[in-house]
Amino acid sequence: MDENRLIMTLKPAALETRILMTHGRDEVFKAVLPPPSQMHCRAAPTLVESMALWYQQQVSVVLCADVWEEQHALALCDGLGFGVQNVHYEVDVVRPGPRRGKRLRGLGGFGELRQLCLRGVK
């Protein structure tokens, strides 16, 4: 992982919009904001641009959206549902993955192995 890479993950939903931004391995910004239906149409692009200017580098945005309306609600996608790219940020639209599966209990911690497994999957 690039130690200086800025990644902002946004997850819009009907009741709230959750945001997590990392700089390398560090979390640098977390927010729970009102849903996209209550925001100004330029709010999300302006927030991402401001972070790019603050850190003086491009932000990689991960827009985690389940349905078409959620993708377009933040004004970070084009008319075909692809993420926008400009000098301040590039957007990748992803669908939320399946919820975490059942885990076996009583066998000790396997966190380190889970991390190694994730590193091996590309």
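Visitor: Which residues have the most contacts inside the largest nonpolar core here?

Guide: The general idea comes before the case. A nonpolar core is a set of buried Ala, Val, Leu, Ile, Met, Phe, Trp, Tyr and Cys residues joined through side-chain atoms within 4.5 Å. Buried means under 20% relative accessible area, exposed over 50%, and partly exposed lies in between (1.4 Å probe, protein chains only). In this structure, the largest such core holds 19 residues, and Met8, Leu10, Val59, Val61, Leu63, Leu76 and Tyr89 have the most contacts inside it. Two or more residues each come from strand E1 (6-12), strand E2 (17-23), helix H1 (43-55), strand E4 (59-64) and strand E5 (89-94). H1 is the top contributor, with four residues.

Visitor: What should I know about the model itself, and about those labels?

Guide: This is a predicted model, so local features need pLDDT of at least 70 and side-chain atom pairs count only at pLDDT 80 or more, while totals for chains, interfaces and linings use all residues. Residues are numbered from 1 along each chain as its sequence is written, and side-chain values use heavy atoms, leaving out hydrogens and water. As for the labels, helices (H or I, at least four residues) and strands (E, at least two) are DSSP runs, numbered from the N terminus. The protein has three helices and five strands, running β-β-β-α-β-α-β-α from the N terminus on.

Visitor: In what order do the five strands form the sheet?

Guide: Strands of a sheet pair through backbone hydrogen bonds, either parallel or antiparallel. Two strands count as paired if DSSP finds at least two bridges between them. Here the order is E3-E2-E1-E4-E5, in an open sheet with mixed pairing. Strand E3 (26-33) and E5 are the edge strands, each pairing on one side only. From one strand to the next, the twist averages 15 degrees. H1 packs on this sheet and touches E1, E2, E3, E4 and E5, with its direction at about 165 degrees to that of E1. Contact means heavy atoms within 4.5 Å; axes are lines fitted to C-alpha atoms, for helices over the stretch in contact, and angles run from 0 to 180 degrees between N-to-C directions.

Visitor: Is E1 mostly covered or mostly open, and how many of its residues are buried?

Guide: E1 is mostly covered, with five of its seven residues buried. On one side, E1 runs antiparallel to E2 over seven bridges, and a hairpin of four residues joins the two strands. Met8 stands opposite Met21 in E2. E1 also pairs with E4, in the parallel sense, over five bridges; there Leu10 faces Leu63.

Visitor: What does Leu10 contact beyond its neighbours within four places in sequence?

Guide: Arg18, Ile19, Val61, Val62, Leu63, Cys64, Leu74 and Leu76.

Visitor: How many salt bridges are there?

Guide: A salt bridge is a side-chain nitrogen of Lys or Arg within 4 Å of a carboxyl oxygen of Asp or Glu. The count here is three. Glu16 and Arg18 form one, with the closest N and O atoms 3.4 Å apart. Glu16 is partly exposed at 29% relative accessible area, as is Arg18 at 45%. Lys30 bridges to Glu27 at 3.3 Å, and both residues are exposed. Glu49 meets Arg42 at 3.4 Å, N to O; Arg42 is partly exposed at 39%.
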